[in-house]
Amino acid sequence: MQRLRAARRLIAHPSSSAPFLSSSISGFTKQLYAQVCLDSRPQATAHACFKSVAESYAEVSRGNCGVQFRCLGTVAATRNPLFSTVNDDDVKYFIDIVGDKNVIQDEDRLQTANIDWMRKFEGSSKLMLLPRSSIEVSQILTYCNSRSLAVVPQGGNTGLVGGSVPVFDEVIVNLSLMNNIISFDKVSGILVCEAGCILENLISYLDNHGFIMPLDLGAKGSCQIGGNVSTNAGGLRLVRYGSLHGNVLGLEAVLANGSVVDMLGTLRKDNTGYDLKHMFIGSEGSLGIVTKVSILTPPKLSSVNIAFLACEDYFSCQKLLLEAKSKLGEILSAFEFLDINAMDVVLHHLDGLRNPIPTSGHKFFILIETTGSNELYDKERLEAFLLSSMEQGLVSDGVLAQDINQASSFWRIREGIPEALMKAGAVYKYDLSIPLERMYDLVDEMRSRIGNQANVVAYGHLGDGNLHLNISAPQYDDAILEQIEPFVYEWTSRHRGSISAEHGLGLMKANMIYYSKSYETVQLMTSIKKLMDPKGILNPYKVLPHTIVPQNSGLEH
């Protein structure tokens, strides 16, 4: 009877709605770090091949990594001595290319560009360049390559793994002035634009033309499409529209030597040779700087429905996803989850939000979105699915958004979690892909390890198996970090997951790549990097392990 009452309210809701530093380090872990150290050079790394992960993490936690930013569990690099330092002649040359006002040496503007959104990683660049075209990017890289000046490409600087900020004094090449929409075909839905276009601006532009971006992120107001492509950003609707590997039809990129590679195709089918664009999607600016993108955009559909549901256990969340895929099929466009800890953080730190489900005791919450072309049919289909789910005991309570304001408030809860965590204090963030049936086991085990030292918060894209694991504390604490790392990476590897689902590796996880990729795979990646960027000037110290990339190979004075 209680479930039936809950079901009726759901359909007709009113609009007011073990210690880390132990001696038992696994042989697997030691093997990983042995692989990392195969090609180590004293000048190329700070940790110089520790005997075990435990020793390397202990060294980092004691602050002996000798770098210019907070380590936070990352085995950090030291500056490659074969890279040059910017001098006055360099600055004059860059002024000739981009103009005086687009050569930034102002300390205040550089301070913002040198530090990431999380305020964890901070470089010391003295120079930021703002090119206005691919030609200017080409001229910049041609010169930097000849001078062995390291470069970090930068867009909206919304990354979470230190991939878009300098590590040391790299020249920042910021693409924000390259923000033009080049063309849009209303028949095919193919958009061609420059890399500096802000995602939210593209969403608004397409909305006015009856289309949508296949990508939607909480950071859409700041992130840029070039950065999205370079990190293969996933976002909220990947379950419906897939990844950028499927939606990006072509791109233009500038290589380290200044060559402009035009792969800006707009064809759905093109099997002429290797599809090289995929090397740049997700390579985080380490193989070339993406300057233009062509992307397939779906038409905007008129019927959008959003439900906010409560589940009593994680098993019910899994079963609900299976039911949603089966019963909702092609109209399912988002399936997001958050646990009670995430809900509490949002309600406590963000103004104007309330729990859409006033009854207490719920441990998990699910946000489901459907998008289709027949409003009556879609809503009936969703309501039938929800009623069936409640009768099966998968959903204990829930509400359907009755208008756009209520729908926005539901999304605000889910998208506001990162902001709320920042306001709560220090946060250790992990972006993981884990087989669905084991995903929340990691959260439970982390809570057992952390105890009352910190608040373990879990949310993410359940529809595509992406867990955002966050450990929130009043301040950063080595004792907490030692309980988290490398345990979180070892656990993920043991269960055949990925240590980076959508955020990339950046600086934070470059040395952790072996937890997800084989030694042979990483060696092949390294060979590609050396072929395309022999001097290693593009976004150095990122993506690949610092110890196996021969940073003196091919460098010339």
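Student: Where is V293 found?

Tutor: This is a predicted model, in which local features need pLDDT of at least 70 and side-chain atom pairs count only at pLDDT 80 or more, while totals for chains, interfaces and linings use all residues. Residues are numbered from 1 along each chain as its sequence is written, and side-chain values use heavy atoms, leaving out hydrogens and water. Helices (H or I, at least four residues) and strands (E, at least two) are DSSP runs, numbered from the N terminus. V293 belongs to residues 289-296, that is, to strand 9.

Student: Does V293 count as buried or exposed?

Tutor: A residue is buried under 20% relative accessible area, exposed over 50% and partly exposed in between (1.4 Å probe, protein chains only). The relative accessibility of V293 is 0%, so this residue counts as buried.

Student: By what distance are the C-alpha atoms of V293 and L191 separated?

Tutor: Contact means heavy atoms within 4.5 Å. If residues up to four places away in sequence are not counted, V293 touches L191, V192, C193, V229, V248, G250, L251 and L264. V293 and L191 are 102 residues apart along the chain, and the separation of their C-alpha atoms is 8.0 Å.

Student: What is the relative accessible area of N228?

Tutor: N228 is found in helix 8 (residues 225-231). Not counting residues up to four places away in sequence, N228 touches L199, L215, L217, C223, A233 and L244. N228 is buried, with a relative accessible area of 3%.

Student: How many aromatic pairs does the count come to?

Tutor: Rings of Phe, Tyr and Trp (its six-membered ring) pair if their centres lie within 6.5 Å; planes under 30 degrees apart count as stacked, over 60 as edge-to-face and the rest as tilted. By this rule, the number of aromatic pairs is 16.

Student: How many residues apart in sequence are the parts that the pair of F83 and Y541 ties together?

Tutor: F83 and Y541 form an edge-to-face pair, with 6.5 Å from centre to centre and 80° between the planes. F83 lies in the loop between helix 3 (53-61) and helix 4 (88-98), and Y541 in the segment after helix 20 (519-532). The pair therefore ties together parts whose separation in sequence, in residues, is 458.

Student: Why do the buried residues of helix 16 line one face of the helix, and what arc do they fall within?

Tutor: In helix 16 (residues 417-424), the residues I417, A420 and L421 are buried. The arc is that of the directions from the helix axis to the C-beta atoms. Seen down the axis of helix 16, the buried residues line one face because they fall within an arc of 100°.

Student: Which residue just after helix 16 takes a positive phi?

Tutor: The buried residues of helix 16 are covered by elements including strand 11 (332-339), helix 13 (340-349) and helix 15 (404-415). Just after helix 16, a positive phi of about 135° is taken by G425.

Student: Which are the edge strands of the open sheet of 7 strands?

Tutor: Two strands pair if DSSP finds at least two bridges between them. The sheet has antiparallel pairing and the order 13-10-12-11-15-16-14. Each edge strand pairs on one side only, and these strands are strand 13 (397-400) and strand 14.

Student: Which residue in strand 12 is the bridge partner of F337?

Tutor: Strand 11 and strand 12 (residues 364-372) run antiparallel and are joined by 7 bridges. In strand 12, the bridge partner of F337 is I366.

Student: Which residue in strand 16 does Y430 stand opposite?

Tutor: Strand 14 has 7 of its 8 residues buried, so this strand is largely enclosed by the rest of the structure. Strand 14 and strand 16 run antiparallel, with 8 bridges joining them. The residue in strand 16 that Y430 stands opposite is L469.

Student: Which residue in strand 2 is the bridge partner of I104?

Tutor: Another open sheet has 4 strands in the order 1-2-4-3, with mixed pairing. Its edge strands are strand 1 (103-104) and strand 3 (151-154). Strand 1 runs antiparallel to strand 2 (residues 128-129), and 2 bridges join them. In strand 2, the bridge partner of I104 is M128.
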